[in-house]
Amino acid sequence: LSAEDGKPITSTNSIGIEFIEVREGTYQMGSPASEEGRKDNENPVRVSITVGYWLGKTEVTQGQWKQVMETQPWADQKGVGHGDDYPAACLSWDDCTAFCEKLTQRECDNGSLSAEERYRLPTEAEWEYACRAGSTTMFSFGNDGSNLNEHAFFEENAPQHALEVGKKKPNPWGFCDMHGNVFEWCSDCFGTLVGGDDPVGPSSGAYRVYRGGSWRDTPVICRSAHRFNMIPSVRFNTMGLRLARSQSAQ
């Protein structure tokens, strides 16, 4: 994943989103039967990520969202902290995909994005790969949920809303807030976990996947393998996004 000096390779786009390069690799997606709090929909599968991608270091912030969409879906909503460095919240899957499309067009038009690249939601397999960052434990930092306070905003340390991004310890690959703060939508329709090369969920379905836990959740729900699903039009104050960017063709 990293350059020779061990530091993540990063890139910042025109609206200030910092991305970390995620390189190819293989990992076990899902959770073992022995993991505390696991669900039956987490049965483990072997996944190979064969195409590198870029993923946001943090969740998309309110300031970044406003630059692109000129809207504030979180305005006047309860359970939302306000400020440009707070995560954009109260976002539906439909809202997030519209953001991806608009930002892609904007950066293609101004020449800062190549024709081969686009912004999008990560697949569920890409999301968990980056969340785990090489770990095989409940969390990217191990199995002890009592250490979650150092790495995440969740029910025990959040004041009834999400907090500014990037304030907790990053995971081993440099990503912040992948446990807690706000849930993050993935591109996939919800279904049984699929292994193999660059897997995606079912080709159609009524529900979309979201991951990572939120400020109002217990440690069990903030686990790397925990999965939720919801219809794509729903907006909750616990839901936001982390942006992926496809690699340019080499």
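**Fold and basis**

I counted 3 helices and 12 strands in the chain; helices (H or I, at least four residues) and strands (E, at least two) are DSSP runs, numbered from the N terminus. I note that this is a predicted model, in which local features need pLDDT of at least 70 and side-chain atom pairs count only at pLDDT 80 or more, while totals for chains, interfaces and linings use all residues. Residues are numbered from 1 along each chain as its sequence is written, and side-chain values use heavy atoms, without hydrogens and water.

**Dimensions**

Along the principal axes, the C-alpha atoms fill a box of roughly 50 × 45 × 40 Å.

**Burial and contacts**

I found that 54% of the 250 residues count as buried (under 20% relative accessible area, 1.4 Å probe, protein chains only). Of the contacts (heavy atoms within 4.5 Å) between residues at least 6 apart in sequence, 71% join residues at least 24 apart.

I traced an open, mixed sheet of 3 strands in the order 3-4-8; two strands pair if DSSP finds at least two bridges between them. Strand 3 (25-29) and strand 8 (196-197) are at the edges with a single partner strand each, so one side of each lacks a neighbour in the sheet. Strand 4 (residues 45-49) pairs with strand 8 in the parallel sense over 2 bridges. Val47 has Gly196 in strand 8 as its bridge partner.

How values were computed: Buried < 20%, exposed > 50% of the residue type's maximum accessible area, 1.4 Å probe, protein only.
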